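Colleague: I would like to go through this model with you. Could we begin with the annotation and then turn to other topics?

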Protein chains: 2
Amino acid sequence: MNTPLRLGIAGLGTVGTGVVRIIRQKANLLAARAGRPVVITAVSARTRDKDRGVTLSDYAWEDDPVALAKRADVDVFVELMGGSDGPAKAATEAAIAAGKDIVTANKAMLALHGQALAVAAEAAGRVIRFEAAVAGGIPVIKALTEGLAGNDITRVMGVMNGTCNYILTRMQSAGLPYAQVFDEAAKLGYLEADPTLDVGGIDAGHKLALLASIAFGCQVNFDGVTLEGIEKITIEDIRHAADMGYRIKLLGVAQMTGRGLEQRMSPCLVPDTSPLGQLEGGTNMVVLEGDNVEQIVLRGPGAGMGPTASAVMGDVMDIARGARLPTFGQPAASLAQCQTATSATPAPYYMRMSLIDKPGALAKVATLLGEAGISIDRMRQYRHDATTAPVLIVTHKTTRDALDTALTGISRLDVLHGEPVALRIETV
Amino acid sequence: MNTPLRLGIAGLGTVGTGVVRIIRQKANLLAARAGRPVVITAVSARTRDKDRGVTLSDYAWEDDPVALAKRADVDVFVELMGGSDGPAKAATEAAIAAGKDIVTANKAMLALHGQALAVAAEAAGRVIRFEAAVAGGIPVIKALTEGLAGNDITRVMGVMNGTCNYILTRMQSAGLPYAQVFDEAAKLGYLEADPTLDVGGIDAGHKLALLASIAFGCQVNFDGVTLEGIEKITIEDIRHAADMGYRIKLLGVAQMTGRGLEQRMSPCLVPDTSPLGQLEGGTNMVVLEGDNVEQIVLRGPGAGMGPTASAVMGDVMDIARGARLPTFGQPAASLAQCQTATSATPAPYYMRMSLIDKPGALAKVATLLGEAGISIDRMRQYRHDATTAPVLIVTHKTTRDALDTALTGISRLDVLHGEPVALRIETV
């Protein structure tokens, strides 16, 4: 096995450049570990004349990633362009058709087209690896697909968008409102060009859908993820949560229920003493639960050149060492089209609403909650602020359906100022 | 690839029984994930007539594990007997000679004989997998060997003996002395037959030596681990550490230094806000640091039937899927005999000593520290307890050598009551 493994790298942004750097700096170490040299034969990017701080003149250049994908001197097509469709998808499909293995960091492409790509790759006897697509440098795809292969996975949870966790923990530590910290994050370059991908939970939702597919043997189904962003979270919510011993996190949860696969990406309250509650700043954390292993917690950097390139290299090294397994842990053709279950797992909820100061307003709210079958664990009405009174409610276990029924009724009462907020309290 | 993978399991204690149970209960799931059935053909244990709660009548029985290891209908020899030498080693050697792959949970055997066994296995084209030998259910061998294969590892740390962490956290939470909590742990069955394996750091030291070999490309060298147990830790140490914002953990640290490989397993102070500091009870944690990935933290159950069997099954499933790599991540024949460096990395230290109440005693201690080149960050002398005065010292960064020189001098002064304690403060 001394034949070199030859990579074609499409996309030379931060991650692509990081991968080139590792392969140039660690040729001997990689060869010792893989049992064969790992080399780059060709690269491709949008702009050729740009100083990326690494030498590229040793590699063939292709303007067109599809042409790169088809090259006879490429064994593995490393897709680091991004984008769910367009060139990334076209080049990945071309690479599979040309008999190449794929390593990608593209969560959007796999969350939307992963099933079709996996079927095509497996029909061609090729693998698609995507460690870098989920939780940056944390080897979570590997832990779930391989390390925990002897478990029925019972639940997967994760804080997988570092920007959202930065915003939420910075709001708490500095006592600043959402809008101000959002602007800070934008200035620091932490936000995607379309910030909804971050704060709307879409990016993290893509990652959750990929984990859920592996965990539960379902075809990846991003449309089945119930998405809720962090835009409505106020500094008051964070303070109230802290008073009660909780932290607010944009938390992804996937679990199989009697009604189907439940996938949620939403701000949740978690105990401040739990590993998830203690996670500060841009760090990511994934919690994997299985019937045998109980609970494994993985923590690490969710982004950045080094960590993401490290994840890409883990996949490359596996291919170099001859490890081959189906994209989602079992043959794509055998993955089930799982029913989507929303609101299947009951939980306590934290609610905040601003009541207009009218006699009987609070009683009406309480009545509607009771009629929806929701019992109240704790309720607090704060001192009046001019004409409105903030009310906090912590419910006993209920379903999101029951809660939405109650909230619809409450909205009709005409006693609320603004939108109510309802956040799940997750047992972690 | 529909040929079944056939296991011969030697050792039917907690872990062996757990593996049998998983293979019986999850035959379909395992086959879907592996692409082939995973079956047991033969088993072996010391006592045949014993109700283990699982059906064994479907499998051939061997009284002798060596005979099991040689059976023609066994592809993988699963060694779950334990013991560094004796039957476990004899049977493992026989299995390698007979062309079988090995899966083992035996940290002692690999820490002492891993190099020779790996050389033999690799010469025969066989693999030895040992995920279950380190940190129970946490897939840390996989994360280090495969997930982080694109990194120069800079440091590996871990709390890898659940019993010690139970004792230390229970002392703190209940305010109980070491001896009492030790007895509690013994009654709960948490201690090995020879408790020195736990509280002396030997068991955790075995695990550290295995991780260090993979991380730094060195031949496994348990003799190179500087071992210190937790027996000397008092409730006062725990309280003083807490006052200063630290927790005491039996912490393993391995790092490559200019003077060679440093491997330490000793009680250390770590910040109470760090993931290691927050680790309570019997849970394990491993911290992996690499030049690209920065820092990955893995947390999970370090023992127990389910978690350990889960780790064994991860290895079995890898073999079933055709993943093959050298025992320690690169060919054993290419592993270096690394120099052992003790006391290479400086650190601040916490010291506690009990001074006999004589004029000038404290000054003499301070002088000797100064003469050894150790500068003092903080010093506190407590109220006298009859004729002795407890003194706490936190030093600036120094080496263990300098500290030992000072301590030797201090012992000669004849001003100490009992033995002084010196614990490293580790940056995590």
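Colleague: Which residues of chain A does the UniProt annotation "binding site" cover?
Modeller: According to the unreviewed UniProt entry, that annotation covers A:Ala10, A:Gly11, A:Leu12, A:Gly13, A:Thr14, A:Val15, A:Gly16 and A:Thr17. Please keep in mind that the model is predicted.

Colleague: Where is A:Ala10 placed?
Modeller: A:Ala10 belongs to strand S1 of chain A, which spans residues 5–10.

Colleague: And is A:Ala10 buried or exposed?
Modeller: A:Ala10 is buried, because its relative accessibility is 0% and the cut-off for buried is under 20%.

Colleague: What is A:Ala10 in contact with, leaving aside neighbours within four places in sequence?
Modeller: With those neighbours left aside, the contacts of A:Ala10 are A:Ser44, A:Pro65, A:Leu68, A:Phe77, A:Val78, A:Glu79, A:Leu80 and A:Met81.

Colleague: Where is A:Gly11 found?
Modeller: A:Gly11 sits in the loop between S1 and helix H1 (14–25) of chain A. A:Gly11 is buried, with 9% relative accessible area. Leaving aside neighbours within four places in sequence, A:Gly11 has contacts with A:Gly16, A:Ser44, A:Leu80 and A:Met81.

Colleague: A change of topic: how many aromatic pairs does a search of the whole structure find?
Modeller: The search gives six aromatic pairs over all chains. One of them joins A:Phe130 and A:Phe328, a tilted pair with 5.7 Å centre to centre and 55 degrees between the planes.

Colleague: Which parts of chain A does that pair tie together?
Modeller: A:Phe130 is in the loop between strand S6 (128–129) and helix H6 (140–147), while A:Phe328 is in the loop between helix H12 (305–321) and strand S13 (349–356), so the pair links parts of chain A that are 198 residues apart in sequence. As for accessibility, A:Phe130 is buried at 2% relative accessible area, and A:Phe328 is buried at 1%.

Colleague: What do B:Phe130 and B:Phe328 form?
Modeller: B:Phe130 and B:Phe328 form a tilted aromatic pair, with 5.7 Å centre to centre and 55 degrees between the planes. Both B:Phe130 and B:Phe328 are buried.

Colleague: Then what rotation superposes chain B on chain A?
Modeller: A rotation of 180 degrees, with 0.0 Å of shift along its axis, superposes chain B on chain A at an RMSD of 0.0 Å. The two copies are therefore related as by a two-fold rotation axis.

Colleague: What percentage of the contact residues of chain B recur in chain A?
Modeller: The figure is 100%: the same surface serves both copies.

Technical notes:
Residues numbered from 1 in each chain as written. Chains lettered and ligands numbered in written order. Predicted model: local features only at pLDDT ≥ 70, side-chain atom pairs only at ≥ 80, totals over all residues. Heavy atoms only, no water. Phe/Tyr/Trp six-rings, centres within 6.5 Å; stacked < 30°, edge-to-face > 60°. Helix = DSSP H or I, 4+ residues; strand = E, 2+ residues; numbered from the N terminus. Buried < 20%, exposed > 50% of the residue type's maximum accessible area, 1.4 Å probe, protein only. UniProt positions renumbered as here; feature names shortened; annotations may be inferred. Contact = heavy atoms within 4.5 Å. Least-squares fit on C-alpha atoms with pLDDT ≥ 70 in both.
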